[in-house]
Amino acid sequence: MDSDDEIEIIGESSSRPSCAGPTLCQLCDMNFDSENFSELQRHQHYEAHFNSSSSKQGPSSGKFRKPAIPKDLFKPCSFQLPLRKKQADEFWYPTLSRPPPDNYCPGLIPLLKHALKKSHTKGNTRRAVLCYESATHICVEAFDRRWGCGYRNFLMACAALMDQQIQSIYFALLDDPFPPSVRNLQRWIEAAWKEGYDREGAKDLRNLVDTDKWIGTAELYTAFTFRGVPSQLVDFDLSKSEKGIQVMIDWIVRYFSPPNPKQDTVTDVLRGASPVVATDKMPLVLQFNGHSQTIVGYEISKNGDTNLLVFDPSRPPRLSMRRAAIAGTSSVVWEQSRTNQVLQSVMHPTSNGRSSKLKRPSSSSDMQQHKRTKSSESDDEIIIVEDFDEPKNGRESGVSAGQTQPSTLDPSNVVNHFRLGMSKLKRKQNYQILYFPMTDPWSIEERDKRKVVTSISCC
């Protein structure tokens, strides 16, 4: 590979370039290649670390940094991904006309909303509330896969903040004089330090630009404050509360739950009755021992437990899921359950035993316009109807126009990909959340008052 070539992560691939180094666990240094670990086994290996209280931690600083969670409790987990040569460290937000980079996945909130509705129909989900629908999943790339989760959560927040219209002025604050990116965030933070922001953080990290030093929510707070975008840190020390993790869960539910104004119209009534809703709330950044993630909503399961719904920068969605998200929900057909399929076939039999709606087009022109997958044996799958003659609002990685590449997704798999249950959350004691109150931008005087990092303690 040429010395000036750069590499970028893609969602899925059947092979890895021969020049790639060994795939190592970033917590225990196990060589996945020598062990012949599959992708599933690597996921399970990291799950074992997550579930263990003895996971390998980052270098200890020897002291707690208040009010932020100590930096020795924040060394990002990494996930080895197939690589492809590409310009690295791009930034993209939904209103841009160009297609998103391969490590960006817009459109997941509408797709997740549909999957949750299917889960509600099957009785597995009582209720779910999601964040702003244009929230975009951004995963780490090759160059930052060992340390980039904090930066990628920052970019997920920026992508939403630069698209929303509640405070449209945030766009200019975040885009000028240079837009967000991993390396530009390092420059933002160092520029803030020079202006007297977060002197303790500046002392701890010293130089940051062009390094692979991991950062936490305190640095994100400093960067947003320096640009005048209001944000707030909230600390949860679960060892101090009898309610444990429920304290944080209740706070998150209150944050995302839409207000209950007087319902004057039929639309208001129907919205209040809907079991799955998307709101205009910005995503939250959740930091805990070993990792950080972006919270995009919550789900109440059939047994009454509350699960968080998260975008994990180290866990990209599968390529088939990305295609479905980018194509949009209007291009998704939700297949009937097995029971309804049997009833439909009895009431409306066809030569192949399926409903006429799913019958393969007979003419070549129909085949050229609509490429549809065969019905599968699993329940409640979605079928992506791809109009190859029309341009997509995004990039079809590795799929050329006119090529038949159907995608099928199980809605339960879609929900499970983003679900973070209470059983996992209970294994941690310290959490910190960064949220955006969406108030007017801070003036110079208001920024000066916040040069010292502060947080609200909920327990």
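**Exercise 1. An aromatic cluster**

In this predicted model, ring pairs link Phe-236, Trp-251, Tyr-255, Phe-256 and Tyr-435 into a cluster. Work out what kind of pair Phe-236 and Trp-251 form, and which parts of the chain this pair ties together.

*Solution.* 

Step 1. Let's begin with the geometry. A pair of aromatic rings is described by the distance of the centres and the angle of the planes.

Step 2. For Phe-236 and Trp-251 the centre-to-centre distance is 6.1 Å, and the planes stand at 75°. Angles over 60 degrees count as edge-to-face, so this pair is edge-to-face.

Step 3. Now place the two residues. Phe-236 belongs to strand E6, while Trp-251 sits in helix H8 (residues 246-256), so the pair ties together parts that are 15 residues apart in sequence.

**Exercise 2. A strand and its partners**

Describe how strand E6 (residues 232-237) is covered, and find how it pairs with strands E15 and E16.

*Solution.* 

Step 1. Check the burial. E6 is mostly covered, with six of its six residues buried.

Step 2. Sort the side chains by direction. Gln-232, Val-234 and Phe-236 point one way, whereas Leu-233, Asp-235 and Asp-237 point the other way.

Step 3. Turn to E15 (residues 430-435). This strand runs antiparallel to E6, and six bridges join them. In that pairing, Asp-235 has Gln-432 as its bridge partner.

Step 4. Turn to E16 (residues 455-457). Here the pairing is parallel and uses three bridges, with Leu-233 standing opposite Ser-455.

**Exercise 3. Inside the core**

Which residues touch the most other members of the largest nonpolar core, and which helix gives this core its largest share?

*Solution.* 

Step 1. The largest nonpolar core has 92 residues, and Phe-224 and Phe-236 touch the most other members. Helix H3 (residues 149-161) supplies the largest share, nine residues.

Step 2. Take a closer look at Phe-224. Leaving aside neighbours within four places in sequence, its contacts include Phe-154, Ala-157, Cys-158 and Leu-161. Leu-434 and Phe-436 are also among them.

**Exercise 4. Buried or partly exposed?**

Decide whether Phe-143, Trp-147 and His-120 are buried or partly exposed.

*Solution.* 

Step 1. Use the cut-offs: buried means under 20% relative accessible area, and exposed means over 50%, with partly exposed in between.

Step 2. Phe-143 has 26% relative accessibility, so it is partly exposed. Trp-147 has 6%, so this residue is buried.

Step 3. His-120, in helix H2 (residues 108-121), has a relative accessible area of 33% and is therefore partly exposed. Leaving aside neighbours within four places in sequence, His-120 is in contact with Thr-125, Arg-126 and Pro-275.

**Exercise 5. A charge over rings**

How far is Arg-227 from the ring centres of Phe-178 and Trp-188?

*Solution.* 

Step 1. The charged end of Arg-227 sits over the ring of Phe-178, at 5.5 Å from the ring centre.

Step 2. Arg-227 also lies over the face of Trp-188, where the distance to the ring centre is 3.7 Å.

Methods: Residues numbered from 1 in each chain as written. Predicted model: local features only at pLDDT ≥ 70, side-chain atom pairs only at ≥ 80, totals over all residues. Heavy atoms only, no water. Buried < 20%, exposed > 50% of the residue type's maximum accessible area, 1.4 Å probe, protein only. Helix = DSSP H or I, 4+ residues; strand = E, 2+ residues; numbered from the N terminus. Pairing = 2+ DSSP bridges. Core = buried A, V, L, I, M, F, W, Y, C linked by side-chain atoms within 4.5 Å. Contact = heavy atoms within 4.5 Å. Phe/Tyr/Trp six-rings, centres within 6.5 Å; stacked < 30°, edge-to-face > 60°. Lys NZ or Arg CZ within 6 Å of the ring centre and 35° of its normal.
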